[in-house]
Amino acid sequence: MIRPGVTFSLWMAIAILVVLNDFVGDTWIAATLSVRAVEWYKALVPMPYVMMMAIFHARRTMGSQWFEAALLAALLWPTSTALVDFLYARLAYEEGAEAFLDRFGIWWGAPYPLLLLVLFASPLLVGWALARHR
């Protein structure tokens, strides 16, 4: 069953965690680690939380329309999280779009695309796994 309210609520929880994690990374962690290490911290720490939210989402949307519900989450979560991340950087540090787009620089080892990939794939993979074992 498709439940947009559940999808949105879980995304809101993810967005809050990502912004708070970015804040901690930019203030406390940045003082002791290199820029690359802070970027890895900001990408890796939310991943288990994202997987947990994907499990909650899959359990709440089980049924014949599990794929549609998972696809809704897979399309909403990474795009809107990237938007919230951009707004956080813009409002907190007055960074421009070029600084935000630099986070996607896989040529220098930027881990941010990995976080977006997990945000996209986790609802689909967890939904598929739970639907298969039903």
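Modeller: W40, L44, F67, L71, L75, L114, L117 and F120 form the nonpolar patch, with about 690 Å² of accessible area together. Helices α2 (35-44), α4 (66-93) and α6 (112-132) each give two or more residues to it. This is a predicted model: local features need pLDDT of at least 70, side-chain atom pairs count only at pLDDT 80 or more, and totals for chains, interfaces and linings use all residues. Residues are numbered from 1 along each chain as its sequence is written, and side-chain values use heavy atoms, with hydrogens and water left out.

Some terms. Patch residues have over 30% relative accessible area and no salt bridge; nonpolar side chains (Val, Leu, Ile, Met, Phe, Trp, Tyr) are joined within 5 Å, like charges within 9 Å. A salt bridge puts a side-chain nitrogen of Lys or Arg within 4 Å of a carboxyl oxygen of Asp or Glu. Areas are Shrake-Rupley values with a 1.4 Å probe; for residues, only the protein chains shown count as cover. Helices are DSSP runs (H or I, at least four residues), numbered from the N terminus.

L114 lies in α6. L71 lies in α4. L71 is partly exposed because its relative accessibility is 31%.

Methods:
Buried < 20%, exposed > 50% of the residue type's maximum accessible area, 1.4 Å probe, protein only.
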